[in-house]
Amino acid sequence: MRPLISGLLSRQAGSAQGFKGDIERVIWNTPVPGIDVGGLVISFLCDHITDLDADRAATVFHLAVSFDKQADIQRILSQKMFVSETLSLHPLFIKYFDIFSQKNISIRGIFLKCLNAFLQSSFCLDFRNGNLNAFSFSVLDSTPVWATEVLSRYRARLNGGGIRGIPFLNQPRHDIFLRTGGENHTFIGIFGQMRDPQGSFSKIMKYLHADTAQYRAAGKRLSIGIATWNLTGQKKIEDGTLVGEFLSRIPRCLQKIISTNHIKNLLELRHILPHTADALQKASCTNNMVDEGIIRSIASQNGFHDQDIFINIETEDQYLEDIGKEFRSFYKRVSVGIENQARMWHRIAALYGLAKQATQKTAQPIGNMALMRPDVLFRGGSIIEMIEKAVHQTSEDVAICDYDPHAYWIEGVGDRYFAGRATAVARAFDGKDLILQIMRDPVLSTHYQDRPFWHRFAQTIFYESDVFLQQSAAIDMEFLRQSIPLDVLKPALQKDYVQISDHGLKDLIERFVSSS
């Protein structure tokens with residue numbers, strides 16, 4: 001292992017631009033049973049941090065922060081001269097040291113010294129004067145983007161200035177959320193597409209009723225907003241979808257066939273049972289109507305009062321008119337997964353109107369908030385305790401999200417929930433409008449073009465808003481998906497049964513189909 005890892009130190013091994021990819025190939029393509037290859041790579045690189053140039057060293061620091069390697073981070077910071085003379089000049093280091101120090105308040109003072117050095121550097125001043133190539137020591141494509149994010153977050157320190165030729169993202173516009181006075185009113189917003197209302201959504205409402213019981217018993221107000229679509233939707237099973245992502249949704253007989261034949265994805269199942277694979281794919285994305293009556297009925301069944309529930313249901317056509325057409329026109333050949341980010345922010349934006357209704361109806365400001373998805377069940381941990389922890393932790397605006405190290409590594413954060421002080425969490429309500437700002441601005445449309453991709457935009461939004469966004473693994477989560485019954489697949493299995501010659505497979509199908 002050591003010769004393989006040590007090759008990362010050689011500047012002749014490749015460009016700094018490809019260094020991140022080199023690390024990923026070593027970590028994810030070199031499995032060694034019983035050995036934490038990723039931990040070894042991070043530890044080795046941190047031990048040799050002063051042997052790296054600024055780009056590579058900042059990339060290693062980003063990696064260590066992404067996987068919360070506390071000891072490795074401390075070893076890097078102990079190299080005080082290297083940190084002050086090299087790393088403190090790099091926007092990537094400043095951004096991720098900032099993020100790390102938000103959760104590790106004891107070293108916040110060290111970060112602020114590095115930040116001052118960065119802001120006063122000739123590189124930063126030249127960049128603010130409009131030279132996008134000012135950080136001449138860096139060859140990383142995103143260096144100007146990271147610099148913009150840092151300067152946007154600390155715009156109050158720029159004496160009214162900014163970056164010549166580059167606008168900052170618009171700042172929060174929500175004046176209904178107060179830092180004081182709303183301590184006894186919590187708003188929980190549920191955003192996105194329902195998978196199975198009577199199943200998954202009902203379980204989530206049951207969890208919320210139990211989790212907030214003590215809070216409500218103390219005479220405090222809980223309002224729940226639901227911003228969803230008029231149709232349910234399951235995650236479509238594609239040919240490349242790994243079986244681990246849909247195994248729990250399919251009948252036991254098909255699970256047995258998949259395990260016996262060591263099938264890795266739907267395409268491999270298609271090779272032996274083509275009709276069954278077609279039927280499985282079709283059944284994976286069925287749509288059923290969702291209306292306000294269904295949602296209110298489920299809320300009532302789980303103990304909630306009707307006056308505490310606020311609902312926004314929209315259609316695909318409304319999404320397209322609002323942001324969808326413009327998003328597709330701007331990002332012409334992006335995947336469905338990327339466009340789903342626009343859909344997510346569209347639904348989160350609708351929660352602002354519901355929070356406003358809750359404020360007006362109760363005549364009580366909202367001080368605490370959580371946003372969560374309708375297809376993610378919290379099996380362990382308390383969302384209400386998470387909110388209160390964030391609110392009482394510090395005087396800063398703090399929001400907490402789920403721990404997702406791989407999202408961090410691609411400059412993102414977990415987006416399954418956001419919880420904390422309302423003034424912090426409500427910044428997410430601006431996400432849709434900020435995407436529109438990026439697409440419509442002639443400079444940002446190039447400069448920030450990839451920010452709305454995947455998990456990145458949540459980090460950009462909260463970071464530039466001077467929010468302390470912390471990741472937490474305190475809540476154990478489960479994705480809820482609707483099961484596909486055997487009766488739906490039986491006709492396809494019978495067609496495949498007639499055509500296949502594998503007697504063992506035929507016997508397995510016959511045994512399960514005939515017994516159902």
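These legends describe close-up views of a predicted model. Local features need pLDDT of at least 70 and side-chain atom pairs count only at pLDDT 80 or more, while totals for chains, interfaces and linings use all residues. Residues are numbered from 1 along each chain as its sequence is written, and side-chain values use heavy atoms, without hydrogens and water.

**View 1. The open sheet has seven strands with mixed pairing.** Strands are DSSP runs (E, at least two residues), numbered from the N terminus, and two strands pair if DSSP finds at least two bridges between them. The order is β3-β2-β1-β4-β7-β6-β8. Because β3 (309–314) and β8 (468–472) are edge strands with a single partner each, one side of each has no neighbour in the sheet.

**View 2. Strands β1 (residues 185–191) and β2 (residues 221–229) run parallel.** Seven bridges join the two. Histidine 185 has arginine 221 of β2 as its bridge partner.

**View 3. The largest nonpolar core has 109 residues.** Such a core is a set of buried Ala, Val, Leu, Ile, Met, Phe, Trp, Tyr and Cys residues joined through side-chain atoms within 4.5 Å; buried means under 20% relative accessible area (1.4 Å probe, protein chains only). Phe93, Phe177 and Met369 have the most contacts inside this core. Helix α18 (residues 336–362) gives the largest share, 11 residues; helices are DSSP runs of H or I, at least four residues.

**View 4. Phenylalanine 177 is in contact with residues including Tyr352, Ile366, Met369 and Phe429.** Contact means heavy atoms within 4.5 Å, and neighbours within four places in sequence are left aside.

Methods
Buried < 20%, exposed > 50% of the residue type's maximum accessible area, 1.4 Å probe, protein only.
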